Amino acid sequence: SGLHIWLKSGTGMSSNQDSSGTSHTHSTSAGDMADADRINSWTDQSGSGNNATQSTGTDMPKWDSATGDAGAAHWDTNNKWLDFSAVTFSANEDFTVIVRFKRFDVGRALLGHDASNFLKIHGAGDIRFLDGGSAKSWAEASLTLTTSDYYILVLTRSDGSTGNLHCHINGGVHSDVDWDAAESHTETSSHTISNIGASGDDANEWKGHIKDVLIYKGYAFTSDDRSNLYNYIANQTQEQG
């Protein structure tokens, strides 16, 4: 319910340039994506038609065919991002944001819109969500996100005008961890997301891989929903190899 964008690993991706910028036509549907192909479009599977695109070749993330990374968009250097039609959460509106990623660096944004709206891996154990006025931080002292594992991050805001925020992490040695749960963050502001792999065009660009992005408006995932999600992703990964 409320699914507004679903960018699915290894699905709906297309490339109009190879790694050197030479024009071609490759796609996941045709099965001819080659390593380091530049991804110019990632088709939304939600039915909303909210595709993620990039028209500038040097700003396109790349297809990665390496074992374990197949189906991922690869941010191998700075100055890369994808744009999609803005998804706006109203004040007091519940939401769920899901990203499956592997990081190479810290201080980088997974999703964003501008300097006041973004979700960022700030440090190896520090996840931040900027709510316009201030950053909400989930910082674990002993738990970290490695550079070798994929993680599923599930950010939820629930309970309407109370605006309870929680960030769950699943992957590596972490099994549905309520990251830094003691923070008990709340906020109820309006937010907009329109970038993948940057806090805004040409800002705080991601470095690493992104395999899945799902955004729900008006619905906060429950523990059962998260369990179903993790099982679905595990089966999807097994099918893709």
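Buried residues account for 52% of the 241 residues in the protein chain. The model is predicted. It contains one helix and 18 strands. The radius of gyration is 17 Å, close to the 18 Å that the globule rule gives for 241 residues, so the chain is as compact as a globular protein of that length.

**Overall build**

- Along its principal axes, the C-alpha trace spans about 50 × 35 × 30 Å.
- The accessible surface of the protein chain is about 9,400 Å². Carbon and sulfur atoms supply 43% of that surface.
- Take the contacts between residues at least 6 apart in sequence: 66% of them join residues at least 24 apart.

**Nonpolar cores**

- The largest nonpolar core holds 40 residues. The residues with the most contacts inside this core are Val97, Phe101, Ile127, Leu153, Ile196 and Ile210.
- A second, separate core has nine residues. Val154, Leu214, Tyr230 and Ile233 are among them.
- What does Ile127 touch, once its neighbours within four places in sequence are set aside? Its contacts include the residues Leu119, Lys120 and Ile121. They also include Lys136, Ser137 and Trp138. Further contacts of Ile127 are Leu145, Leu153, Cys167, Ile169 and Trp179.

**Strand β2 and its partners**

- Strand β2 covers residues 13-17. Four of its five residues are buried, so the strand is mostly covered, with buried meaning under 20% relative accessible area.
- β2 pairs with strand β4 (residues 38-42). The two run antiparallel and are joined by four bridges.
- β2 also pairs with strand β3 (residues 23-27). This pairing is antiparallel too, over three bridges.
- In β3 it is Ser27.
- β2 and β3 form a hairpin, with five residues between the strands. Gly21 lies in the turn and has a positive phi of about 100 degrees.
- In a regular strand, side chains alternate between the two faces of the sheet.

**Ala135 in strand β13**

- Ala135 belongs to strand β13, residues 135-139.
- Is Ala135 buried or partly exposed? Ala135 is partly exposed, because its relative accessible area is 41%, a value between the 20% and 50% cut-offs.
- Not counting residues up to four places away in sequence, Ala135 touches Arg128, Phe129 and Leu130.
- The C-alpha atoms of Ala135 and Leu119 are separated by 9.4 Å. These two residues are 16 residues apart along the chain.

**Positive phi outside glycine**

- Ser184 has a phi near 50 degrees, a positive value in a residue other than glycine. Ser184 sits in the loop between β16 (174-178) and β17 (191-196).
- Why does Ser184 count as exposed? Its relative accessibility is 53%, and exposed means over 50%.
- Asn204 also has a positive phi near 50 degrees and is not a glycine. Asn204 lies in the loop between β17 and β18 (208-217).
- Asn204 is partly exposed, because its relative accessible area is 34%, which falls between the two cut-offs of 20% and 50%.

Terms used:
Residues numbered from 1 in each chain as written. Predicted model: local features only at pLDDT ≥ 70, side-chain atom pairs only at ≥ 80, totals over all residues. Heavy atoms only, no water. Buried < 20%, exposed > 50% of the residue type's maximum accessible area, 1.4 Å probe, protein only. Pairing = 2+ DSSP bridges. Contact = heavy atoms within 4.5 Å. Core = buried A, V, L, I, M, F, W, Y, C linked by side-chain atoms within 4.5 Å. Rg over C-alpha atoms; globule rule 2.2 N^0.38 Å. Areas by Shrake-Rupley, 256 points an atom, 1.4 Å probe, with all protein chains shown as cover.
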